[in-house]
Amino acid sequence: MSTQLPEVLAAESIAEWGDEFDVVVAGFGIAGGCAAVEAAARGARVLVLERAAVAGGTTALAGGHFYLGGGTAVQKATGQADSADEMYRYLMAVSRDPEPEKIRAYCDGSVEHFDWLEGLGFEFERSYFPEKAVIQPGTEGLMYTGNEKVWPYRDQAVPAPRGHKVPVPGETQGAAMVIELLVKRAAALGVEIRYETGVTNLVTDPDGAVVGVAWRKPGETGAVRAKSVVLAAGGFVMNAEMVAANVPWLSEKPFVLGTTYDDGMGIRLGVSAGADTRNMDQAFVTAPVYPPSRLLTGIVVNRNGERFVAEDSYHSRTSAFVLEQPGAAAYLIVDSEHMERPAFPLAPFIDGWETVEEMAEGLGIPYAALKSTLDSYNEHAARGEDPDFHKGAEWLEPQDRGPWGAFDLTLGKALYAGFTLGGLRTSADGEVLRDNGSPIPGLYAAGATAATLAQDGKGYASGTQLGAGSFFGRRAGANAAGRAS
Ligand SMILES: Cc1cc2nc3c(=O)[nH]c(=O)nc-3n(C[C@H](O)[C@H](O)[C@H](O)COP(=O)(O)OP(=O)(O)OC[C@H]3O[C@@H](n4cnc5c(N)ncnc54)[C@H](O)[C@@H]3O)c2cc1C
């Protein structure tokens with residue numbers, strides 16, 4: 001693996017084109033599957049080249065949150081008011097460097113996209129899970145999966161839950177069900193899928209338009225001519241050199257989440273043809289401290305004894321702030337009244353102490369600073385206030401009943417895991433863009449190969465990867481088919 005760009009092949013150098021399709025899609029995860037199905041539904045002849053022996057990629061590992069809103073059937077059935085405008089306001093507010101046109105398209109198209117997903121042959125359960133958790137434990141269809149109720153966002157957009165989970169219990173692999181349905185739909189629409197066949201190069205004409213791909217499978221190489229190519233080959237979290245070059249802070253301690261072929265090949269193919277990238281230095285990295293959500297009544301402090309984030313934030317937001325603290329060290333402190341032990345503690349329990357002084361000594365935090373932080377928090381929490389970080393009222397409870405316990409959120413102690421968020425710069429239509437903003441003719445990208453909607457861990461909401469990957473995958477497929485016709 002490397003950071004090296006594949007060579008771009010000139011069309012005239014291809015001695016023999018194996019065959020010709022309207023649209024060639026690289027990769028069959030959520031983005032590639034949706035692109036292929038949408039392109040074929042519009043009458044295009046579609047070929048998917050999939051490097052693995054099966055479809056699914058990282059999507060097959062995913063729990064199955066799709067971030068959708070604006071009044072989906074689940075939101076309506078469970079009495080959760082939402083509108084495309086509020087969803088837009090929220091996503092604009094929470095994004096580090098928002099792309100208004102893409103966010104607008106995503107929010108305006110969200111209800112139709114929800115219906116399209118269900119049209120593949122499943123139903124999101126019409127039920128709402130009201131707890132603060134990382135993912136619904138059962139098959140509940142809807143929950144909050146972002147910072148919608150967290151300050152300052154709750155003042156910028158009316159909060160609504162938008163984390164729609166596929167009806168598969170458990171925390172992982174739910175989205176594999178959607179892949180199965182996409183494979184079936186693709187077959188019904190006449191999409192050809194060639195497995196164990198990886199795209200190795202893009203082929204361009206003298207004007208720089210992409211007109212095909214070169215591929216390799218065990219013992220064989222070849223080239224396919226195409227009117228357009230969709231890159232949907234996943235992210236780069238498994239390419240250690242690319243991670244070290246772009247997201248050095250992800251390259252050591254956090255555990256990386258992905259599959260073998262998240263080696264950045266899709267991104268490198270795009271860059272080889274002149275594409276720009278976005279957010280390559282950003283990642284979603286997290287070590288959730290909840291559930292149990294009651295722990296969020298506690299306070300998170302750094303090694304100076306200072307709070308630095310509203311503790312009711314979405315877990316990757318809290319984690320992103322922890323990683324910015326001195327020594328990437330932080331502790332969640334909870335009193336005896338509110339202490340509960342997580343079933344699977346990603347942030348390990350350190351110890352319990354009878355007094356704040358002993359706790360300060362045990363944690364290596366200056367006593368005066370810790371006492372002052374705790375006293376101030378308790379005094380305000382008793383009045384239902386948090387002037388410093390505006391933690392939501394439902395989590396404001398004084399932590400004044402010793403003994404106190406602490407969990408270790410420090411990088412290297414807590415089990416941080418994550419994946420990259422950067423990728424090719426794309427338009428709202430899925431076109432791959434150069435750094436001057438012009439599209440590369442014939443080239444589209446979606447999913448983790450493209451820069452994601454979420455942009456960074458502070459603004460991430462669970463479900464934006466599958467949500468935007470499927471939504472913009474469809475748009476890439478539709479526009480690729482349109483170009484071919
Ligand atoms: C444990 C876990 C849980 C997650 N849960 C969620 C969740 O609930 N909601 C959410 O939104 N996100 C979730 N994510 C993130 C999400 O799963 C991914 O961001 C998303 O699935 C990426 O989809 P994709 O289609 O871009 O890539 P993939 O699903 O990885 O598909 C890419 C495909 O391209 C193939 N490929 C690679 N290189 C080539 C090549 N050169 N030629 C041809 N084929 C190639 C790969 O084999 C793969 O099949 C989770 C991630 C993990 C790891």
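## Cis peptide bonds

Proline 403 lies in the loop between helix 12 (367-382) and strand 17 (404-408), where helices (H or I, at least four residues) and strands (E, at least two) are DSSP runs numbered from the N terminus. The peptide bond that leads from glycine 402 to proline 403 is cis, and its omega is near -5 degrees. The model is a predicted one, in which local features need pLDDT of at least 70 and side-chain atom pairs count only at pLDDT 80 or more, whereas totals for chains, interfaces and linings use all residues. Residues are numbered from 1 along each chain as its sequence is written, and side-chain values use heavy atoms, with hydrogens and water left out.

A cis peptide bond also joins proline 291 and proline 292, with omega at about 5 degrees. Proline 292 belongs to the loop between strand 13 (283-286) and strand 14 (299-302).

## Positive phi angles

Most residues other than glycine have a negative phi, and most peptide bonds are trans. Glutamine 173, which is not a glycine, has a positive phi of about 70 degrees; this residue is placed in the loop between strand 6 (163-165) and helix 7 (176-188). Alanine 328 likewise has a positive phi, near 45 degrees, in a residue other than glycine.

Alanine 328 sits in the loop between helix 10 and strand 15. Its relative accessible area is 10%, so alanine 328 is classed as buried (buried means under 20% relative accessible area, exposed over 50%, and partly exposed in between, with a 1.4 Å probe and protein chains only). Glutamine 325 is found in the loop between helix 10 (315-323) and strand 15 (330-335), and it is buried because its relative accessible area is 13%. A polar atom of the glutamine 325 side chain lies 3.0 Å from the backbone oxygen of phenylalanine 321. A polar contact of this kind is a pair of N or O atoms within 3.5 Å; within protein, one must be able to donate a hydrogen and the other to accept it, and residues adjacent in sequence count only if both atoms are side-chain atoms.

## The ligand and its shell

Around the ligand there are 36 residues, of which Glu50, Thr59, Val199, Ala448 and Leu466 come nearest; a residue is near a molecule if one of its heavy atoms lies within 4 Å of it. The shell divides into 17 nonpolar, 16 polar and 3 charged residues (Ala, Val, Leu, Ile, Met, Phe, Trp, Tyr, Cys and Pro count as nonpolar, Asp, Glu, Lys and Arg as charged, and the others, Gly among them, as polar). Helix 1 (30-41), strand 8 (198-204) and helix 13 (464-484) each contribute at least two residues to the shell. The most come from helix 13, with 3 residues.

A backbone N or O atom of histidine 65 lies 2.9 Å from a ligand oxygen, and a backbone N or O atom of glycine 463 lies 3.4 Å from a ligand oxygen. In the side chain of glutamine 465, an N or O atom is 2.9 Å from an oxygen atom of the ligand. Taken alone the ligand exposes 1,000 Å², and the protein buries 93% of that; areas come from the Shrake-Rupley method with a 1.4 Å probe, and for residues only the protein chains shown count as cover.

The structure holds 1 cavity of 30 Å³ or more. A cavity is a set of points, on a 1 Å grid over the protein atoms alone, where a 1.4 Å probe fits but cannot get out, and lining residues have an atom within 4 Å of a point. The volume of the largest cavity is about 40 Å³, a volume being the space filled by probe spheres set on grid points joined across faces, edges and corners. Its lining includes Ala287, Pro288, Val289, Tyr290, Glu311 and His315. By class, the lining residues divide into 5 nonpolar, 4 polar and 1 charged.

## Helices and individual residues

Within helix 5 (residues 110-119), the buried residues are Ser110, His113, Phe114, Trp116, Leu117 and Glu118. An α-helix has 3.6 residues a turn, so residues three or four places apart point the same way. Glycine 121, which follows helix 5, has a positive phi near 125 degrees.

Leucine 91 is part of helix 3 (residues 84-94) and is buried, since its relative accessible area is 5%. Leucine 91 and isoleucine 103 are 12 residues apart in sequence, and their C-alpha atoms are 7.0 Å apart. Arginine 42, by contrast, is exposed, with a relative accessible area of 53%. Arginine 42 is found in the loop between helix 1 and strand 3 (46-49). The C-alpha atoms of arginine 42 and alanine 480 are separated by 9.9 Å, although these residues are 438 residues apart along the chain.

Definitions and conventions: On a 1 Å grid over the protein atoms alone, a cavity is a set of points where a 1.4 Å probe fits but cannot get out, and a pocket is an open set with protein on both sides within 12 Å along at least five of seven lines; lining residues have an atom within 4 Å of a point.
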